[in-house]
Structure formats: C-alpha cells, structure tokens
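Colleague: Please take one part of this model and go through it closely. I would like to know what surrounds it and how the neighbouring pieces are arranged.

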Amino acid sequence: MIDLEALPHLPGCYLFKDEEGGVLYVGKAKDLKKRVSSYFQKRDHDPKTENLVRAAKGLDFIVTNTEVEALLLENTLIKKHWPRYNIALKDSKRYACIHLTDEKFPRIRLARKRVGGGDYFGPFVSARERDYIYEVVRKTFQLRTCKRMPKRACLRYHMGVCSGPCIGNISVEDYREKVKRAASVLKGNIRELMESLETEMRELAAKQQFELAMELRDEIAALEFLQEKQNVERQKKHDEDILNYLVKDNTVYLMLFKVYKGTLEDKQDYVFAYGGDFLEEFLVQYYSENEPPGELIVPEPLDESLEDFLAHVKGKKVKVTVPKQGEKKELLDLAGKNVEIGFFGDRKKLEALQQKLSLPKAPNVIECFDISHLAGTSTVGSMVQFRGGRPDKHNYRRFKIQSVEGIDDFASIAEVVRRRYTRLLEDGHEMPDLIVIDGGKGQLSSAFQELRKLRVRVPIISIAKREEEIYVPGLKSPLPIKKEEKASLFVQEIRDEAHRFAITYNRLLRQKALIS
C-alpha cells in the first residue's frame, strides 16, 4: 500500500517496490510529496512509467538535507539494488584501462574492471590507441608484466623490455622512479616529463655517466614519437564532453563526444527506454563512474543541483554550456548528426522488415529464440533482444531447459517462449514488436501455440537454415523474401546472435558438468 500522505515536502530519494519488497525504481526529488504524487495524478505517462506505476505496490523514502545529497544517494541506491525500471548502463561496453599495480615492484597490465589497488588510466575506447600506448610505456620504462615474479630472468629481460627486478637487476627505488615516469605519461604529462628527462640526461652526461644518459636519451626518443602519435599539444587547456540525443518511439538514442584539449578523441553511444528524467539519471550514473570534464556541452540547461553534483564528483566547478552559435554549437550539431547516422541507419533495416512482413509499424523491439544442446545433453535456450536495430545485451536472457528430456527442439522452444512471456505478463512489462524463432515450421508452430495459450498477440516468424527461408503462421510456404534482401539479412543477423548466445551457454554448462 502506498501512503502518499506520509511523504514530506522535503528533498530526498524514493523507492518503488513490488509485492515481495523488491526495489523496482529509485528516484530523487526536490519535494518528495509533489514528485511521487505526480506519478498517480498524471494520466499521460510514457509506457515505461505506466508499467512502473502498475507494478508498484509499496514505497519507501529517505529524506536528505539538499537535492545534491539526494543525487548522490540516488546513485548509491541504484548501484546497490539495480532496479529494473532505472536505465542500465551495464549494457554499455566495458572499455579497458591501463593498470599500474601497487606491488613492491608494480607491474603494468590491461584491466577491464577496476579491482584491486594501484592506479588506473583510461578507459580507452580505441583498442588500437590503448595497445599502442601500453606497448610504448611498457617497453620504454621496462616494466614487468608477469603475474608472479620468476626466480630467474625471462625472455622479456633478455630482449631488453623488462628491467629484471626478479633477479635484483634494479633497486626498488630506481624501479619506482620508472613507474612514476610511466604514470606521468599515462596522465598525459609527456612534455613536462620530457623536459625533466632532458635536464637529467645533460647532468648525467656532464658527470660522464654515459650509459645512464643513453638510457634516458632512448626514453626521450620514445616519448617524442608517442607525442607525435597522440598529438597531445592542444590549443585548449581543458577537456570537453559534448552530449546530444534524440527520442523516438519511447526510446532514447544518446551520443557522447569526448574532446581532449580541443581534439575529438572518441564517441560513446547509448540506447535506453525513455523516462521523464532520463537525462539527469544518465548524467548521474555516467559521471559517478567517469570523471566529469572541465566543460560539459549539452542541448538544454541542467538543474543547479545537477551542476553541484558534477562539481562534487570532480572536486571543482564544471562549466555547463548550452551553445546557440559558434564552434561549440557546431560540435553539438555534429553529435546530433551522429545520432541520426549512427542509430537511424539501422532504421532502414527495420523499415525493410516492416514492409516485407506487412507489419503495422516498424519492429523497434525484436526478440529471437534459439535452442542449443549436444546430443540431447545440457539443453539450453537463448533469447536476444534487438532494440532500434541494435543488440540490447542488457535484455538478453538464457534458459536451462527443465521440462524436456532428450532431443526435442519443438518442446524446448515451447518452454522458453512460455517462460519468457509468462514472466513479462506477470511483471506488466512491454511486449516486443516482433518475435523470431530459429527453425522451420515445426518450431514456429510450437512457439505460436504457446503465445495463443497466453493470449499474447505479437507478430511471430521463423527462419530456417540452409536457404534462410522465413515462415509465418498459417502459410505452408515460406514468404517470397530472397536471402540476399535487406530484410532477410537483418533477420539472419538476429538469428546468428541468438545462436551464438545459446552455444556460449551450452558450453558453459558442459564445462561445469565436466568439472563436477
């Protein structure tokens, strides 16, 4: 039971809960009573919010002193509970960082998760740039990469790319000086380090310590080359993030440009369901995991509390700009153009599929099922979801077949379809716009019968291997769609992803069985 009268007119966080007490959604509010009451007073909610209100059976709240505190608490609660109605950034790629460990003789490694002590640099979106920098730093400063130091020198030492701390070839102090220089480079301070090394090299040469001076000369040469490669000399003194988005069919398509000292370094894109405060929620989640830039360029003004939150995370004020003209407006428009090109090039695939299947609207959300087994053992089902023409991996699902013994793909498909859409009906979640089954008429018939029992009215097709024939319920012959056509190629792409996901799970179960 949700008691709105118990809510105060104070800032804080609210938690919608289901019948079992599980957290459905975490939100923050400047005025808790006004914000939560609006969910039940308004009648023109987007579908996601309508489903949330329908599913919410309980409410909890936490009062804070300020709205900034509420933002910080909101993010903590989201990370703790991972509520299904909050947007999930987990489906975005985990880009690798370069990690300098905190061991006695620190090693350099690539890491996708920030687990353990030491210093992390990145993440790097470009794998090529990351690997290049990693190799230059590793070889230039002769840092160890081994997980455990061997008792004798390895090949890397004999090749001259490791300083050999394992055999006492370098002292702890000298090795840590190399690590310090490596960290300085990874922070982007190449020019400052080069000037320092040049001074030190001249001093060593004056003392006739030519061997050490030559080592520094080689380091300087490597750094000069790295500097040219990265083009670190920029006109601007601070970094910029440019964010733009487009909302279409209750889905947010968002693009984030990373500009490093005046040069566009990379871009990141996200797709998630539309909700009223999506931009604020995105910014809080993203910049809780990534350092805010010196300047954030956005298409609309941000709340003062959100600007305070960014300043709190960065440790100093973040300039927020909503440009109307000039270079920054051009960058903002460029991000918007990339949204159009990057995301809505996929719309052509959806439109082609809509036309060939005579669907009432473009199938923005497509779910595809496949079955995998090895001679009837470790039988599993997979479901992949494509949203806006792209894989939405956060919504992938896998099933261990429970009701079928031996080889029976028809019954197995029926089980996973029944389990999937029974769950969606119980949770009040939206149905997909199209269902795809990997298989021929038999698998299609089994899945269609389960949908009829559940009274789920969603268009469904199947695609048979070899000739890539597409079937629909009620027709004996496949649809007249050539396998080279855009619509068929798109269905094949979806089917192949479902097949890959199913095989991966099947192998995992077989490995576990083998171990046990």
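Modeller: The model is a predicted one. The chain has 15 helices and 18 strands, and buried residues make up 48% of its 516 residues. Of the contacts in the chain with a separation of 6 or more, 59% are between residues 24 or more positions apart. The accessible surface is about 27400 Å², with 48% of that area belonging to carbon and sulfur atoms.

Leu 296 has a relative accessibility of 0%, so it counts as buried, the cut-off being under 20%. Leaving aside residues up to four places away in sequence, Leu 296 touches Asp 241, Leu 283, Tyr 287, Leu 302, Leu 310, Val 318, Lys 319, Val 320 and Thr 321. One of these, Lys 319, is 23 residues from Leu 296 in sequence, and their C-alpha atoms are 6.1 Å apart.

Helix α9 covers residues 278-289 and helix α10 covers residues 304-314; their axes come within 10 Å and cross at roughly 5°. That angle is under 35 degrees, so α9 is roughly parallel to α10. On the α9 side the contact is made by Glu 280, Leu 283, Val 284, Tyr 287 and Ser 288, and on the α10 side by Leu 306, Phe 309, Leu 310 and Val 313. By class, this contact has 7 nonpolar, 1 polar and 1 charged residues. Leu 283 and Tyr 287 of α9 and Leu 310 of α10 take part in this helix contact, and Leu 296 touches these three residues too.

The axes of helix α13 (residues 409-427) and helix α14 (residues 441-454) come within 8 Å, crossing at roughly 30°. This angle also falls under 35 degrees, so α13 counts as roughly parallel to α14. The crossing of α13 past α14 is right-handed. From α13, the residues in contact are Asp 409, Phe 410, Ile 413, Ala 414, Val 417, Arg 418, Tyr 421, Thr 422 and Leu 425; from α14, they are Gly 442, Gln 443, Ser 446, Ala 447, Glu 450, Leu 451 and Leu 454. Sorted by class, the contact of α13 with α14 has 9 nonpolar, 4 polar and 3 charged residues.

Technical notes:
Residues numbered from 1 in each chain as written. Predicted model: local features only at pLDDT ≥ 70, side-chain atom pairs only at ≥ 80, totals over all residues. Heavy atoms only, no water. Axes fitted to C-alpha atoms, helices over the stretch in contact; angles between N-to-C directions. Helix = DSSP H or I, 4+ residues; strand = E, 2+ residues; numbered from the N terminus. Parallel < 35°, antiparallel > 145°, perpendicular 65-115°, else oblique. Left-handed = near helix turned anticlockwise from the far one by under 90°. Contact = heavy atoms within 4.5 Å. Nonpolar A, V, L, I, M, F, W, Y, C, P; charged D, E, K, R; others polar. Buried < 20%, exposed > 50% of the residue type's maximum accessible area, 1.4 Å probe, protein only. Areas by Shrake-Rupley, 256 points an atom, 1.4 Å probe, with all protein chains shown as cover.
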